[in-house]
Amino acid sequence: MKNAVRNELEILFKHYPELESIRSNIIQVFHNMAHCFRRNGTVYFCGNGGSASDCEHAVGELMKGFKRPRKLTEEEQFVFLQLFAKKGEDIAKNLQKALPAISLVSQTSIATAFNNDVHAEYLFAQLIYGYGKQGDILVGFSTSGTSKNICNAFMAAKVKKLTTIAFTGEKGGELSLISDYCIKVPSTETYRIQEYHLPIYHAVCSMLETEFFGENEDCRLLEEDNFLGISM
């Protein structure tokens, strides 16, 4: 892990020392998402209510610059210039590199159609079954860990051979049993659980951005055959 990436993680524990008990889980989530992005995979997010907002929020941090600039390389910009002249140059200068992420909660047309024709409990399962491919990741936010539509999506993801990551409260619920990795924050109150989820996914997004787009920083990349290691 890069020193700069490690520093981003330490900022989280400086402000939320009570999360130290789940340090290894957070590191595992980072490693798995980095592994996914290195292989051109996609991370999908699903959740309900306030957790649906977290899905949109996390995708926003991954798909554009969060804390660091993500300018296209000169080679990438040149392709735009070559194909579209000045207009292409302007486009390239305003684009940013992205870590592919999709929020399943904003699929309005298919959601309303599926909810009307089938059942809302299976919507996220339908979407992940349609979009997901081996090597992708599904992240589900559920404060109780028992949201039926999230659990169904995780089971569909298993069938499609995706890695599954759950964000829950300390009880974990069913999601903690069927997910590959589970971030169980130290609270049983819904609003407090959501308050903990935000700084954690902010930290992970910042760590990922530093890993892939950090410049002039410690460039010791994670060893591919040890991407699941959790040592700091």
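Reader: What radius of gyration does the protein chain have, and why does it agree with a compact globule?

Author: This is a predicted model, in which local features need pLDDT of at least 70, side-chain atom pairs count only at pLDDT 80 or more, and totals for chains, interfaces and linings use all residues. Residues are numbered from 1 along each chain as its sequence is written, and side-chain values use heavy atoms, with hydrogens and water left out. The radius of gyration is taken over C-alpha atoms, and the globule rule is 2.2 Å times the number of residues to the power 0.38. Because a compact globule of 232 residues would come near 17 Å, the chain agrees with its value of 18 Å.

Reader: How many helices and strands are in the protein chain?

Author: Helices (H or I, at least four residues) and strands (E, at least two) are DSSP runs, numbered from the N terminus. The order of elements from that end is α-α-β-α-α-β-α-α-β-α-β-α-β-α. The protein chain has nine helices and five strands.

Reader: Is glycine 145 buried or exposed?

Author: Glycine 145 lies in the loop between strand S3 (137-141) and helix H7 (148-159). Buried means under 20% relative accessible area, exposed over 50%, and partly exposed in between (1.4 Å probe, protein chains only). With a relative accessible area of 0%, glycine 145 is buried.

Reader: Which residues does glycine 145 touch, not counting those up to four places away in sequence?

Author: A contact means heavy atoms within 4.5 Å. With that sequence limit, glycine 145 touches Cys151, Thr168, Gly172, Gly173, Glu174 and Leu175.
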